[in-house]
Structures are given as structure tokens and as C-alpha cells.
Amino acid sequence: MLTVYGDLNSGNCLKVAWACRLLGIEHRWTDVPSASGATQTQAFAALNPARQIPVIRLTDGRTLAQSNAIVLYLAEGSHLIPASPWQRAKMMEWLFWEQYSHEPVVAVRRALKVFHGLDDSRIDPQLLVRGTAALELMDQALGQQPFLTGWAFTAADLCLLPYTRLAPEGGLDLGPLGRLTGWIGRCEAVLGL
Ligand SMILES: N[C@@H](CCC(=O)N[C@@H](CS)C(=O)NCC(=O)O)C(=O)O
């Protein structure tokens, strides 16, 4: 059976948990509490030399890391991946953007506040500026369509949802972003959250 190594406090791991649930993928969940250093052991490095969660381990022993790569692997052939090459590329566009311009800002600000207990005076002010800009970009993109790549919920929505939904824990205000909060509600309905 597929094993998922993760921590439900991590948005990257929530992507994998939600993909498994939505797609009905049977799996064993192994908790790896990253905040207490569980990813830093030699045993864990054998699973993922980058010493990060999430990781999946297939029954034949192969392992795969990087949350968005895992979701794409699990979602292969499902409705989460558009059939049209253009729509699929637009989904990928969001996934790459998430890893470069959203997660390193929105998730990091939350981690600094929630897990490291830092107050704003000790956090790089650019994280607030760039995090707000990332959320505004999503809000604008949702002006013409219900989901990020159009009319259907895809892996892009699934992978952008966790840290966007958790953004207020990092002190990022979703209040003025009505289209974004509407999208969060639609995604929650799809995922049964
Ligand atoms: N780009 C990676 C990021 C993974 C990542 O940052 N994982 C964090 C938890 S959210 C982690 O394992 N941190 C422990 C560490 O880096 O020591 C992904 O999308 O999976």
C-alpha cells in the first residue's frame, strides 16, 4: 500500500492528504512532525535526501518528494488534470508559481508566526508585501472564472488552497479579497472541508 509521510500542520502535506481523499486513494499515513526535527534523521534522509515532507513511498519502495509532483502523480488520469494541453499548461503555470512566488512567502510568514512565535517586528517586512501581492494576484485571476484554470477544479486549486486558506495565521488579511474568499469556499465544497 502507498505510504504518505507527512504532518497535517503543513500545507504542503495537506495537498497530498486532500488529493488522496478526493481521489479515494488507499494509503497509510505516517506522521513526521517536522517542527520537532523528525525530518532531520538519517533514517528520514533515506526517504528524502532533502529531509522534507511530504514524501510518498510506493509498495515497491520507490519514493517521491515535492508536494506538487506527488499530487500530479496521484492525480494522473483523473479530473484534477485537464485533458486539453493548454488547460494543463495553465494548471502547471499555477503550480510553478505557487512554489516560487506563493509558498515561500505565504507559508513562510505563517511558519515564522505560528511555529517560531515571532512577532511582526522580527519578520522581514517584504514577506507581508510579497504575500499580499500574491494573494491579490489570485483574487484578480478569479474575477472571470470560478477556479484558477477556468470552470473546473484542478490540481492547481488543490495545491494553492492550503496555504491560501491558512494565510490569516501568517497575518495576511483575506478580508478585502472577496473573489479569493469565494474561491476558498468553492474549493472547500469540492473537498468536503
Ligand atoms: N517544495 C517542497 C517544500 C517542502 C517543505 O518545505 N516541507 C517542510 C514542511 S512544510 C519541511 O519538511 N520542513 C522541514 C525542514 O525543512 O527541515 C514541497 O512542496 O514539498
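Two strands are taken to pair if DSSP finds at least two bridges between them. All views show a predicted model.

**View 1. Pairing of strands β1 and β2.** Strand β1 (residues 2-6) meets that criterion with β2 through five bridges, in the parallel sense. Within this pairing, Thr3 has Arg28 of β2 as its bridge partner.

**View 2. The open sheet of four strands.** The strands follow the order β2-β1-β3-β4, with mixed pairing. Because β2 (27-31) and β4 (63-65) are the edge strands, each with a single partner, one side of each has no neighbour in the sheet. From one strand to the next, the twist averages 20 degrees.

**View 3. Helices lying across the sheet.** Helix α3 (residues 67-75) lies across β1, β3 and β4, at about 125 degrees to β4.

**View 4. Packing of helix α1 against helix α4.** The axes of α1 (residues 11-23) and α4 (residues 85-114) are 11 Å apart and form an angle of about 115 degrees. The two helices are therefore roughly perpendicular. On the α1 side, Gly11, Asn12 and Lys15 meet Glu98, Gln99, Glu103 and Arg110 of α4. This contact comprises three polar and four charged residues, with no nonpolar residue.

**View 5. The largest pocket.** Its volume is about 700 Å³. Of the 27 lining residues, Ser10, Asn12, Ser34, Ile53 and Tyr163 lie nearest the centre of the pocket. Helices α1 and α4 are the elements that give two or more residues to the lining, and α4 provides the largest share, seven residues. By class, the lining has ten nonpolar, 13 polar and four charged residues.

Technical notes. Residues are numbered from 1 along each chain as its sequence is written. This is a predicted model: local features need pLDDT of at least 70, side-chain atom pairs count only at pLDDT 80 or more; totals for chains, interfaces and linings use all residues. Side-chain values use heavy atoms; hydrogens and water are left out. Axes are lines fitted to C-alpha atoms, for helices over the stretch in contact, and angles run from 0 to 180 degrees between N-to-C directions. Angles under 35 degrees count as roughly parallel, over 145 as roughly antiparallel, 65 to 115 as roughly perpendicular and the rest as oblique. Contact means heavy atoms within 4.5 Å. Ala, Val, Leu, Ile, Met, Phe, Trp, Tyr, Cys and Pro count as nonpolar, Asp, Glu, Lys and Arg as charged, and the others, Gly among them, as polar. On a 1 Å grid over the protein atoms alone, a cavity is a set of points where a 1.4 Å probe fits but cannot get out, and a pocket is an open set with protein on both sides within 12 Å along at least five of seven lines; lining residues have an atom within 4 Å of a point. Grid points are joined across faces, edges and corners, and a volume is the space filled by probe spheres set on the points.
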